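These are my notes from a first look at one structure. I kept them in the sequence in which I looked things up.

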Amino acid sequence: VCESDEQRYYNWQFRKNLVWNLGLRLESEYVPSFLGDQNKAVNFGFYDKIAPRVGVAYDPTGSGNSKFSLGYMVAYDITKGNLPISAFGAEKWLRCFYPLDNPNVLEIEKGDPKKAFECQNLRVPANDLVDPALKPMQQRMLSIGYERNLSGNLLFSIYAINKHMVRAVEDVGRLVVNNGVIEEQYTITNPGEGRSVDPSWFPAGLPSPITPRAKRDYKAFEFGLEKRSSAYFASGNYTLGRLWGNYSGLASSDERGRIDPNTNRDYDLPHTSKDKDSKDVFGRLATDRPHVFKFLGWKTFSARRYGNIDLGTSFIWQSGTPLSTQVPILTSAPAFSYGRGNMGRTPSFSETSLNYGHEFTLPEFNENQKIRIEWTVSNLFNQKTIVDKETWLVHPNDGHIFFSSTASVFKGYDPVRLMKEQE
């Protein structure tokens, strides 16, 4: 992936207690192709990626003891190298099934797809399937804050934060049969826009529009207290937040952190974004933690001629994460048949760590030469907390549930009942 950018930033201090920061970032980017007859599979120009940003700081009293702040920015993602590898011809994946017509499996003739009774091409190049209306992945971020120095270097802060994903870039798939070979075909598009909501892209009989817009919104309030001096530092922070939507991110939290950005499972087949009643699935995402408390502190002690000793500790407590039943439908691509968070949450998580540092000099050292020894103990109390659970509801014999067609999935189904019927 190749990128170039231009950036401009301007600062204005209208008054002693009021400062404005304005910035503008322009980017151009192209995603290469691995097919010989095409160099660029996707191309975004400077006008496709215009990213303004604004910052304001205001001291209402002019004394330097308090500050209101506001920050707003538009950010565009740089397309990751995984997209051209998996979608534009670099990676090959042909799965073929051959008859067991010889008791010696080593002598079975394989490797020729024409002699297989079924083949699946799982890496059809998507060069000709890129949505002409494709736009770059975009996110908007807004923060509003207030800070006040209460007394004795004790700083209080409160921030409201909103991160809103405007659009994602993902592969939206369908199953087709081409010359007797079942193919997974993917268009590179913006979910909920363009080709992803075009009925002609999908098999007949599906509801329209079929693909929901990718949503990933984070809203939070952060409260903080901080006290520092030359000999010690202490900081406590509490966050009340919500991560909501249907898009699990570039490192897919719905797939335990699968790192296949822009080609995750979120929209691989029309039903993966629906529940068992054919409704769009939205809810708290897999890394949502409503409550998070953090503490960090250290203090320096003088050991006289033996130097200085730093003793520090950190502590974190946070809510558990949502657990959602995932059911493989038609293929290994799972659906949230019962919605998000139907299995509750993992237990809350906490951990305490300790850090010891000793800094000293030797007689033969220069003034600016020192030796520092550090010792860190993570998870000081050896706490054990479950951080994930198995949430897949899998057919005991075949792995996934069968349907006569993709369209029949949208008539509604009961996963458990179908698994019993298909034993």
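**Entry: ground rules.** I am working with a predicted model, in which local features need pLDDT of at least 70 and side-chain atom pairs count only at pLDDT 80 or more, while totals for chains, interfaces and linings use all residues. Residues are numbered from 1 along each chain as its sequence is written, and side-chain values use heavy atoms, with hydrogens and water left out.

**Entry: the patch.** I looked up which residues make the nonpolar surface patch of about 520 Å². They are Tyr10, Trp12, Phe14, Trp20 and Leu22. A patch takes residues with over 30% relative accessible area and no salt bridge; like charges are joined within 9 Å, and nonpolar side chains (Val, Leu, Ile, Met, Phe, Trp, Tyr) within 5 Å. A salt bridge here is a side-chain nitrogen of Lys or Arg within 4 Å of a carboxyl oxygen of Asp or Glu. Areas come from the Shrake-Rupley method with a 1.4 Å probe, and for residues only the protein chains shown count as cover.

I then asked which strands supply the patch. Strand S1 (2–15) and strand S2 (18–32) each give at least two residues, and S1 gives the most, with three. Strands (E, at least two residues) and helices (H or I, at least four) are DSSP runs numbered from the N terminus. Phenylalanine 14 is in strand S1. I note phenylalanine 14 as exposed, because its relative accessible area is 55% and exposed means over 50%, buried under 20%, and partly exposed in between (1.4 Å probe, protein chains only).

**Entry: strand pairing.** I followed the pairing from S2 onward. S2 and S4 pair in the antiparallel sense over nine bridges; two strands pair if DSSP finds at least two bridges between them. Leucine 18 stands opposite tyrosine 58 in S4, and tyrosine 58 stands opposite phenylalanine 68 in S5. Strand S4 (residues 50–58) and strand S5 (residues 66–76) are antiparallel over six bridges. S5 also pairs with strand S8 (residues 138–151), antiparallel over eleven bridges. Methionine 73 has methionine 141 as its partner in S8.

**Entry: leucine 129.** Leucine 129 lies in the loop between strand S7 (118–121) and S8. I count leucine 129 as buried because its relative accessibility is 16%. Its contacts (heavy atoms within 4.5 Å), leaving aside neighbours within four places in sequence, are Gln185, Tyr186, Thr187, Ile188, Arg195 and Trp201. Leucine 129 and isoleucine 188 are 59 residues apart along the chain, with C-alpha atoms separated by 6.6 Å.

**Entry: isoleucine 210.** I found isoleucine 210 in the loop between strand S11 (181–189) and strand S12 (216–228). Isoleucine 210 is buried, at 3% relative accessible area. Not counting residues up to four places away in sequence, isoleucine 210 touches Ser196, Phe202, Pro270, Ser273, Lys274 and Phe410.

**Entry: threonine 391.** Is threonine 391 buried or exposed? Threonine 391 is buried, at 4% relative accessibility. Threonine 391 lies in the loop between strand S22 (371–377) and helix H2 (406–409). A polar atom of its side chain is 3.2 Å from the backbone oxygen of serine 324. Beyond neighbours within four places in sequence, the contacts of threonine 391 include Arg256, Leu323, Ser324 and Met343.

Note on methods: Polar contact = N/O pair within 3.5 Å; in protein donor to acceptor, adjacent residues only side chain to side chain.
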